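Please keep the structure open while reading.

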Protein chains: 2
Amino acid sequence: MENVAIIGASMTQFGQRDGWVLDLLSEAGTACLDDAGVPPDAVDHLYVSNMASGEFEGQTGIMNALAHDLAAMPAYTARIDQTSSSGGAGVKHAWQSVASGASDMTLLVGAEKMTHRTTAEATDVIASITHPVEYKHGVTLPSFAGLTARLYLDTYDAPRESLGKVAVKNHRHGVDNPHAQFQKEVDLDTVLNSPIVADPLRLYDFCPITDGSAALMFCPESVAKEYTDDYVLVPGVGGATDTHVVHERADPTTMRGVVESSRIAYDMADMGPEDIDVAELHDMFTILEFLQSEDLGFFEKGEGWKAVEEGRTERGGDLPINPSGGLKSKGHPLGASGVAQVYEIYEQLMGDAGKRQVDADTGLACNVGGFGNCVITTLMEAN
Amino acid sequence: MENVAIIGASMTQFGQRDGWVLDLLSEAGTACLDDAGVPPDAVDHLYVSNMASGEFEGQTGIMNALAHDLAAMPAYTARIDQTSSSGGAGVKHAWQSVASGASDMTLLVGAEKMTHRTTAEATDVIASITHPVEYKHGVTLPSFAGLTARLYLDTYDAPRESLGKVAVKNHRHGVDNPHAQFQKEVDLDTVLNSPIVADPLRLYDFCPITDGSAALMFCPESVAKEYTDDYVLVPGVGGATDTHVVHERADPTTMRGVVESSRIAYDMADMGPEDIDVAELHDMFTILEFLQSEDLGFFEKGEGWKAVEEGRTERGGDLPINPSGGLKSKGHPLGASGVAQVYEIYEQLMGDAGKRQVDADTGLACNVGGFGNCVITTLMEAN
């Protein structure tokens with residue numbers, strides 16, 4: 001089987017955007033074709049990662065509309081939905097289409113358009129990601145995060161301030177990301193004194209509601225060499241579920257989907273956590289960055305918070321986490337987020353990350369659906 | 001690369017069903033696990049083909065809920081949407097997960113729950129499959145079918161009765177399908193005198209709105225041999241788009257998505273239309289059976305109607321088409337339909353089709369999204 005390569009990437013401005021999801025998809029798709037230097041008629045598979053265009057704007061069939069707008073017909077198209085990890089799922093399906101030999105050129109574009117709906121309307125759709133036995137009683141994703149954060153702080157004797165430092169770090173990283181929704185620093189006092197959302201978590205422990213799109217171009221390594229000397233390989237990608245009813249988990253501070261998906265990806269790539277130079281994690285809530293950094297094997301269980309306190313996950317640290325600013329400062333347009341994580345690792349490994357550049361030959365992206373109900377881990381390395 | 005096999009299949013009763021889409025998915029998924037003799041914890045990839053659970057019943061994340069209900073965790077999950085060809089798209093993604101080496105056991109379950117919504121509500125969602133430039137002016141899928149039917153009849157000098165005979169044939173086939181929504185014959189007079197929907201097409205030229213689910217179990221051939229001596233292989237599968245704006249097509253009586261998707265599938269399998277013994281085509285509208293039977297290469301352009309007139313596509317004919325009764329009599333639960341087409345070919349090639357049995361070693365399924373906006377063609381053969 002041939003190695004799977006990424007030869008181009010793009011992302012749009014994240015934030016509050018005009019237009020429809022199709023406009024965002026077209027913007028990122030066109031930019032990715034340009035970045036890769038691939039003509040649209042060379043694309044044979046076109047995947048759209050998107051959770052809810054029908055629910056948010058009453059429009060379905062957006063993958064076929066995008067093929068039309070990009071002049072990529074007769075490319076095969078599909079929409080991939082894995083709730084908030086739809087982008088990571090798209091990466092896995094793009095990998096599979098190339099690795100299976102079905103595709104010589106797969107364009108993946110993830111997008112979500114959400115800010116035109118009220119927060120109540122948007123969160124109503126998002127709440128339905130989880131099990132009705134929970135969300136119909138008010139246990140939504142933010143409240144899971146609050147409950148888990150309290151359990152984590154109690155169990156591992158971690159200070160509340162350590163969670164706030166995740167927000168401070170990722171906002172500081174986001175200052176240098178021209179595509180981020182928030183390009184501004186916040187100080188620890190501001191985070192710790194922001195309004196309570198789900199005790200002990202406060203407003204600045206949460207990512208915002210966002211519009212945006214990101215895209216990646218996948219092909220076999222032999223095809224990549226026809227287009228460029230510099231590309232990134234994807235030696236491993238894994239996906240795994242955890243219980244859909246969150247309260248059935250034996251230990252809510254362990255995300256089994258993270259453990260299992262990374263085990264699969266590490267095994268495929270013959271790599272381990274010690275081989276990773278940089279990571280983009282799914283910091284939809286600050287507490288999730290601790291859990292993932294431990295369940296991916298970067299740090300011992302219960303010690304992720306210490307790594308943040310010690311500055312090890314800063315851009316200048318020994319394992320930079322979320323050099324892009326993460327979901328916390330970039331924003332979280334559901335279908336785009338997992339694609340944008342891989343975009344950041346691609347830019348880092350290509351040496352094109354500008355002020356955000358870290359020293360890295362390998363990278364990892366971890367995209368979380370629901371409250372870890374399904375997780376996708378992707379490993380990448382420079383060629 | 002290993003051959004991809006199907007080792008189990010199921011479908012639920014199609015029609016007006018109680019419960020939610022998750023109940024239908026669980027019913028078909030459980031039956032498929034039983035049919036294949038595969039324990040749920042052996043499933044490593046679980047795909048749900050579904051277009052619109054969020055729009056129809058306000059529930060998302062159904063693939064994760066299904067993994068939970070089937071006890072298939074930590075299997076990776078995703079929802080595959082390709083509008084009315086979501087089922088066929090699911091078959092392609094299942095094939096890719098096995099052919100890429102990522103999966104040793106992929107369960108695909110397609111379902112849609114629609115009849116609890118009014119016809120106006122359901123058709124509002126379905127209309128949004130196509131381009132707003134058309135549907136917002138009233139050119140919906142049924143009106144495309146009427147316009148195309150008139151053009152076909154005029155261009156190829158075909159009698160109106162030939163379209164009616166597709167409905168008569170497929171209803172007759174459906175009498176022997178215990179899962180079909182309509183298990184009753186209709187005569188030609190009834191079809192030709194039913195209420196006009198989109199001239200020249202009348203009520204009996206259209207499939208109904210339906211609830212239902214169907215499932216398939218995919219694995220590498222080497223794994224198949226561990227479970228059974230008798231299985232079906234999938235030597236080719238192809239997908240292709242046509243213009244998303246239907247009125248831009250040079251010749252609306254040719255479905256480019258059918259031509260291109262079947263070319264890809266035939267090339268992969270080193271087969272041609274002359275090698276196919278039985279076919280399930282997407283007869284959402286009677287006219288579509290003519291177009292597909294020609295664009296797949298079974299009959300010359302403009303001669304599909306003659307094959308029906310001559311009885312060649314009856315179960316006893318030289319190329320039986322829709323021995324299951326087709327979408328016309330089985331019904332069309334969007335995400336399930338393409339899976340149920342492959343279920344029928346599987347049953348035929350396994351010799352398990354009962355009263356519907358035809359003599360076949362190879363088969364083809366053609367699943368159409370929108371008005372041919374994306375099409376998936378799947379080839380199968382007995383082992």
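Chain A and chain B share two salt bridges (a side-chain nitrogen of Lys or Arg within 4 Å of a carboxyl oxygen of Asp or Glu). This is a predicted model: local features need pLDDT of at least 70, side-chain atom pairs count only at pLDDT 80 or more, and totals for chains, interfaces and linings use all residues. Side-chain values use heavy atoms, without hydrogens and water; residues are numbered from 1 along each chain as its sequence is written, with chains lettered from A and ligands numbered from 1 in the order in which they are written.

**Salt bridges and strands between the chains**

- A:Arg79 and B:Asp81 form a salt bridge through their side chains, at 2.7 Å from N to O.
- The side chains of B:Arg79 and A:Asp81 also form a salt bridge, at 2.7 Å from N to O.
- B:Arg79 sits in strand E3 of chain B and A:Asp81 in strand E3 of chain A, so this pair joins two chains.
- Helices (H or I, at least four residues) and strands (E, at least two) are DSSP runs, numbered from the N terminus.
- Strand E3 (residues 76-81) of chain A runs antiparallel to strand E3 (residues 76-81) of chain B, and three bridges join them.
- Strands count as paired if DSSP finds at least two bridges between them.
- Opposite A:Arg79 stands B:Asp81 in E3(B).
- Over all chains, the whole structure holds 40 salt bridges.

**Extent of the chain A and chain B interface**

- In contact (heavy atoms within 4.5 Å) are 54 residues of chain A and 54 residues of chain B.
- The two chains bury about 4,100 Å² between them, and carbon and sulfur atoms give 50% of that area.
- Buried area is the accessible area (1.4 Å probe) that two parts lose on being put together, summed over both.
- The interface has 33 residue pairs in polar contact, both residues at pLDDT 80 or more.
- A polar contact is a pair of N or O atoms within 3.5 Å; within protein, one must be able to donate a hydrogen and the other to accept it, and residues adjacent in sequence count only if both atoms are side-chain atoms.
- H4(A) gives the largest share of the side of chain A that touches chain B, with seven residues.

**Domains of chain A**

- The domain assignment, automatic or from a database, gives domain 1 (4-118 + 210-233) and domain 2 (121-208 + 235-382).
- Their C-alpha centres lie 23 Å apart.
- 46 residues of domain 1 are in contact with 42 residues of domain 2.
- About 3,500 Å² is buried between these domains, 69% of it from carbon and sulfur atoms.
- A:Met11, A:Phe14 and A:Ser84 supply 19% of the area that domain 1 buries against domain 2, more than any other three residues.
- One salt bridge is found across this domain interface.
- Between the domains, 19 residue pairs are in polar contact, both at pLDDT 80 or more.
- H4(A) gives the most to the side of domain 1 that touches domain 2, with seven residues.

**Backbone details**

- The peptide bond from A:Met73 to A:Pro74 is cis, with omega near 5 degrees.
- A:Pro74 lies in the loop between helix H3 (62-69) and E3 of chain A.
- From B:Asp199 to B:Pro200 the peptide bond is cis, with omega near 10 degrees.
- B:Thr83 is not a glycine, yet has a positive phi of about 45 degrees.
- B:Thr83 is found in the loop between E3 and helix H4 (86-99) of chain B.
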